[in-house]
Amino acid sequence: MKQIIINGIYGLLLIVTFSGCHKFLDVKQQGAVTPEDVETPGNVDGLVIAAYAWVAHEAIINQKMSPWLADIKSDDSYKGGGGLSDQTPWYQMEVFSLVTPSVGNNDGIWFGQYEGVSRCNAALTALNKLDASSYPLKNTRIAEMQFLRAVMYLQLKKWFRWIPYYDESVPVDSIPKIPNHPDTAKSDLYIWNDIYNDFAKAAEGLPEVQTDPGRPTKYAAQAEMATVLMWMAYEEDENNQVKSINKTRLQQALDLLNGIINSGKYHLNEDFADNFEYTMDNKSPESIWEWQYTHDDGTPNGNLNGGTPLNAPWWPPYFSCCDFHKPSYNMVNAFRVDKDGIPLFDDYNDADIKNKDTYFNSNEWDPRIGHTVAIPGLPWKYQQDLIFDSSASRDPVIYGYFSSLKENVEAGSPVLVNLFWMWNSKNETAIRYDRVLLLKAEALIKLGRYQEALPIINQIRTRAAGSTGRLKFANGKPTLPYDIAPYKDGVNCHWTEDFAWKALVWEDRLEFAMEGERWYDIVRWGIADSVMNSYFAKEVPRARSWMKDGKFKKGRDEYMPIPQPQMNYSYGLYKQNVGY
């Protein structure tokens, strides 16, 4: 049993309603929870735990902004599943042109994240009324709730751009009066500032080390502050286009990232695989903050991850569902390297993957492909006695024969629980040290200090080169011809500023492939239109005829529309995102 702070949450209150209305009868309702009940040192942690439980919440699909949902909007993955009619809204999202404000699977994300905000605000309201002398953890718990609230808002901001922000000081009856996009707003920086300030306040109140797994630290808050600054640095106009890069914000982000690096609290795992093994939950020196899941924790089903396991292969008896989040051929090809172990930047995607054995054995590969993509004929998730095969692909004619590995677990794993399909309790690492390193390299390059980025990128590549120990068959033979080399200026590359940026973009893709980062990065950098339209142009001739509707419209598709139900509920207060 994994002991973490959200154990027993389903036995606690989940929703608390704060009301200013007078009671019809001056009699306390039976079975009701009032503000007075929870605004006590003995009960306030119930509200705190309820907020934590919602962060990891994935039992209801589309009420959590799961990282992999962003992947299907990028060139890293296909929707997958049982054809185009299986979760059609995700298909509409991946081709863009079919998205409208009424598209399905979008309103739930808005609703779910704002429920999380509401839980944080309810906890903060109660915490603010307590005295620190009677509840010594008051300030720490306040900082935790500010952190979690900012996490919710950050996810909303990256998905929708124009969102209403409110904290616990706003009366409940005033929330419907808050616009998402005021007529006077020519920039969304005020929303970014609100999110940044939440993380900054959290950083001031959080300790460097937490006793309970799952509670954020000062460094987790600072990593998110840096993330927000990196978004703010690429300044967008009203049409979602990057118009300038703010070097002051890049420097501020760099200072925060250096503080995390210099703290000595974190370092890279020796093996890349350790980032994706359930046995490393809350143990990895690379993990800065994790979403916590549980099973066998004294509650009926635990706090299980029900969404990401949809990405397990369609492979009875090992897995029972559902083969979503399929690696794209484009992304698989991106792992190819040349004779010097350097990426094939310009012609990586020229070759079609037809005969698997010939194709994979006649090319050399960055080892990270073995940790990212399940390939027929190779072991499943480091299980040398279990060879992944093509029967595990649910609809190979449409989506091919590859499956996603990182978020999945070993067949027969003790963290699997069969609830119609096999849910699991493997944590998801939300903030990793390798991300901190590559954000630093990015900031340095954009600040003109590209030479300083070289050793950072090489540090990541060197770790990848040493991560082949588990990528072997039972006889000890490597599963693929692996090769990767560090960049050597004047030897295998010319480390100019332009090349450094190309290398950074590539490294970022390979390091975080199938983790949901790719989509947000190409939007943040202002290159989503060129990346996605080039992707569609190449995919359609590859028998991906269903991608004929793939068309990224610059100035619209960088963000999802405000869900039509929310537009309706606002009675004309909300403004729809540009282009919809």
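A nonpolar core, as I use the term here, is a set of buried Ala, Val, Leu, Ile, Met, Phe, Trp, Tyr and Cys residues joined through side-chain atoms within 4.5 Å. I am working with a predicted model.

**Entry: cores.** I looked up the largest nonpolar core, which has 164 residues. The members that touch the most others are F147, F360, I369, Y487 and W519. Helix α6 (residues 138-160) gives this core its largest share, 13 residues. I then found a second, separate core of 14 residues, with W315, W380, L416 and M422 among them.

**Entry: helix α17.** W519 sent me to this helix, where it is one of the buried residues. How many of the 8 residues of α17 are buried? I noted 7 of the 8 in the helix, which spans residues 517-524, so α17 is largely enclosed by the rest of the structure. The buried ones are R518, W519, Y520, D521, I522, V523 and R524; I was glad to have the list to hand. Just after α17, I noted a positive phi of about 80 degrees at G526.

**Entry: cysteines.** I checked for disulfides next, and the structure holds 1. It joins C321 to C322, with S to S at 1.1 Å. Which hand does this disulfide have? The torsion about the S-S bond of C321 and C322 is about -45 degrees, so I wrote down left-handed. Both C321 and C322 are buried.

C120 has a relative accessible area of 0%, so it is buried. C493 comes out at 6% relative accessibility, so I count it as buried too.

Notes
Residues are numbered from 1 along each chain as its sequence is written. This is a predicted model: local features need pLDDT of at least 70, side-chain atom pairs count only at pLDDT 80 or more; totals for chains, interfaces and linings use all residues. Side-chain values use heavy atoms; hydrogens and water are left out. Buried means under 20% relative accessible area, exposed over 50%, partly exposed in between (1.4 Å probe, protein chains only). Helices (H or I, at least four residues) and strands (E, at least two) are DSSP runs, numbered from the N terminus. A disulfide is a pair of cysteine sulfur atoms within 2.5 Å.
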